[in-house]
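Dear colleague,

I am handing over the structure we spoke about, and below it I have written out what was found in it. Please read the notes with the structure open beside them.

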Amino acid sequence: MTNERYDAVVIGAGMSGLAAGIRLAQFDKRVVVLDRHSLWGGLNSFYKRGGRRFDTGLHALTNWVPATEKSTPLPKLLRQLRIPREELQLAEQSHSIVKVGAVSLEFGNGIGRLEASVAHAFPREIDGFRRLVSAIQAHDPFSDVVDASSARVRLGEWLRDPLLIECLIVPVAFYGSAREDEVEWDLFVVLFRSMFLEGLARPMGGIKTLLDALKKRFLDCGGILRMRSGVSRIVRDAHGAACGVQLDDGELLACERVLSSAGRVETQRLCDVPPQPAEVGQLSFCETTSVLSQPTRSLGHTATMVFFSTSEHFAYRRPAGLIDTTSGVVCASDNYAHHEFGEAGIVRVTCLANHAVWSGLDDEAYAAAKTQVAQEMLAAAGRVALDPRPWTSAFDMFTPKTIHRYTGHVNGAVYGSPVKARDGSIGVDKLHLIGTDQGTLGIIGSLLSGVTAANRHILMANQR
Ligand SMILES: Cc1cc2nc3c(=O)[nH]c(=O)nc-3n(C[C@H](O)[C@H](O)[C@H](O)COP(=O)(O)OP(=O)(O)OC[C@H]3O[C@@H](n4cnc5c(N)ncnc54)[C@H](O)[C@@H]3O)c2cc1C
């Protein structure tokens, strides 16, 4: 091992890793954040193609609240990271839509528009819906004891119409469930709050604006960021506790604690602990991005997001073939209040996909499959929102293989393992999971996870 000893080594320069790093560096801890890739951001990053910058995802920053609100996750998080909200220049969504079968619901920021929409489409359910909202406001989804009961079953305590239940499950599943055909109650509560009680926004400039703010803050506080520094092994001492990491090139770094955002199964492998089959995530996506020659609103499509399932029985599971276009998400990134794309439009379409099927293709078949699947996805978008093809000036797409390549997630599992570790433990002392597999999802959830883990396992542990 090298002579220098870090207070913490953080594996992964995604949202959770950067947030943990900032929190520790702020309190003068010696912390290094390592990532195998050349660009930080993890699942939510950016790249350039044909002179144009693409976000690798970013539909929406959840948890938007007015600037006067101080006690919800977004303002609390920004305070902990000491990032001024103005730096993000957040613009609100126009409105969004959930379409299941023949039914449509609309929502905006704050619960008002969704409540009115439920009253209109499901008049017999509105009292139950209001009681559900009150129950969600009263529930604490962040305790260490996870309530993993089925959200579909729990929703039946307040709602009788299975179609309304399905309408609430579709957006929440797409924004964070790692379980096939299921959403855990705690996750449902977190995402319902962050999407429907709070709301959706976009930083001006996209994900790069947030990532620039995080990286600058980390480096300004004295943190060390090492890109192209993959971790091949977590080193353990004679008692089995984590005490360092080995990099792909063999270099050894010694530390007091390891925080890992690599994922549950992936981190177990770094410790030579074999994962159980049930711990391996299966859910992955394909996503297309179309740049349009004119704003989507000028084409009559004014919604920011459309979450859809053409079937009243939403199948949230790994499809048997390459793709499942019976459900998905259509995001018009230019339908946010700041209209930052000027005279262009940006439409993203996301559908469930099967990593094993994509990985089984040779290069030629893979390229052909991308072309074919893109057409199917864009046609599906046309049936529920807008088919962007006639106005497309630039196009790109990713598959589950891309997600695997850039994040290391087994099976390209976007939301990681179905088995979450709320306390961050996988049974190895001084090693803590952060991010996706700690069980708080999305950009804000992952940032919160990093901050909370740094506070709990290192900053507060040192005070005891
Ligand atoms: C297409 C897409 C769109 C999304 N859109 C949104 C959205 O609009 N809003 C939202 O809130 N959420 C969105 N999400 C989810 C959100 O991106 C994630 O929840 C969040 O970014 C996860 O952050 P993380 O820190 O937990 O992990 P990750 O982002 O997975 O970061 C982990 C990092 O660890 C690195 N790593 C892994 N193994 C090693 C190793 N052995 N050595 C070194 N480095 C390693 C990886 O390279 C990666 O950079 C989206 C996700 C995807 C895939």
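**Salt bridges**

Both Lys216 and Asp220 are exposed. The two residues lie 4 apart in helix H8 (residues 207-220), so about one helical turn separates them, and they form a salt bridge whose closest N and O atoms are 2.8 Å apart. Please bear in mind throughout that this is a predicted model.

Arg202 forms a salt bridge with Glu340, with 2.9 Å between the closest N and O atoms. Because Arg202 lies in strand E8 (residues 201-203) and Glu340 in the loop between strand E15 (323-332) and strand E16 (345-353), this pair ties together parts that are 138 residues apart in sequence. Arg202 counts as buried, since its relative accessibility is 3%, whereas Glu340, at 25%, counts as partly exposed. Asp55 also belongs to this group, being linked with Arg202 and Glu340 in a network of salt bridges.

Arg348 forms a salt bridge with Glu287, and here the closest N and O atoms are 3.3 Å apart. Arg348 lies in strand E16 and Glu287 in strand E13 (residues 284-292), so the pair ties together parts that are 61 residues apart in sequence. Arg348 counts as buried at 3% relative accessibility, and Glu287 is buried as well, with a relative accessible area of 4%.

**Strand E12 and its partners**

Strand E12 (residues 252-260) pairs with strand E1 (residues 5-11) in the parallel sense, over 6 bridges, and within this pairing Val10 has Leu259 as its bridge partner. E12 is also joined to strand E18 (residues 431-433) by 3 bridges, and these two strands run parallel; here Val258 of E12 has Leu431 as its bridge partner in E18.

With strand E11 (residues 242-247), by contrast, E12 runs antiparallel, the two being joined by 3 bridges. Val245 stands opposite Leu253 in E12. The hairpin of E11 and E12 has 4 residues between the strands, and in this hairpin Gly250 takes a positive phi near 100°.

**The ligand and its surroundings**

Which residues come nearest to the ligand? Of the 33 residues around the ligand, they are Ser16, Asp35, Asn44, His59 and Ala60.

Taken alone, the ligand exposes 1,000 Å², of which the protein buries 96%. Helix H1 (15-26), helix H12 (400-407) and helix H13 (442-463) are the elements that give two or more residues to the shell around the ligand, and H13 gives the most, with 3 residues. By class, this shell has 12 nonpolar, 19 polar and 2 charged residues.

With best wishes

Methods: Residues are numbered from 1 along each chain as its sequence is written. This is a predicted model: local features need pLDDT of at least 70, side-chain atom pairs count only at pLDDT 80 or more; totals for chains, interfaces and linings use all residues. Side-chain values use heavy atoms; hydrogens and water are left out. Two strands pair if DSSP finds at least two bridges between them. A salt bridge is a side-chain nitrogen of Lys or Arg within 4 Å of a carboxyl oxygen of Asp or Glu. Buried means under 20% relative accessible area, exposed over 50%, partly exposed in between (1.4 Å probe, protein chains only). A residue is near a molecule or strand if one of its heavy atoms lies within 4 Å of it. Accessible areas come from the Shrake-Rupley method with a 1.4 Å probe; for residues, only the protein chains shown count as cover. Ala, Val, Leu, Ile, Met, Phe, Trp, Tyr, Cys and Pro count as nonpolar, Asp, Glu, Lys and Arg as charged, and the others, Gly among them, as polar.
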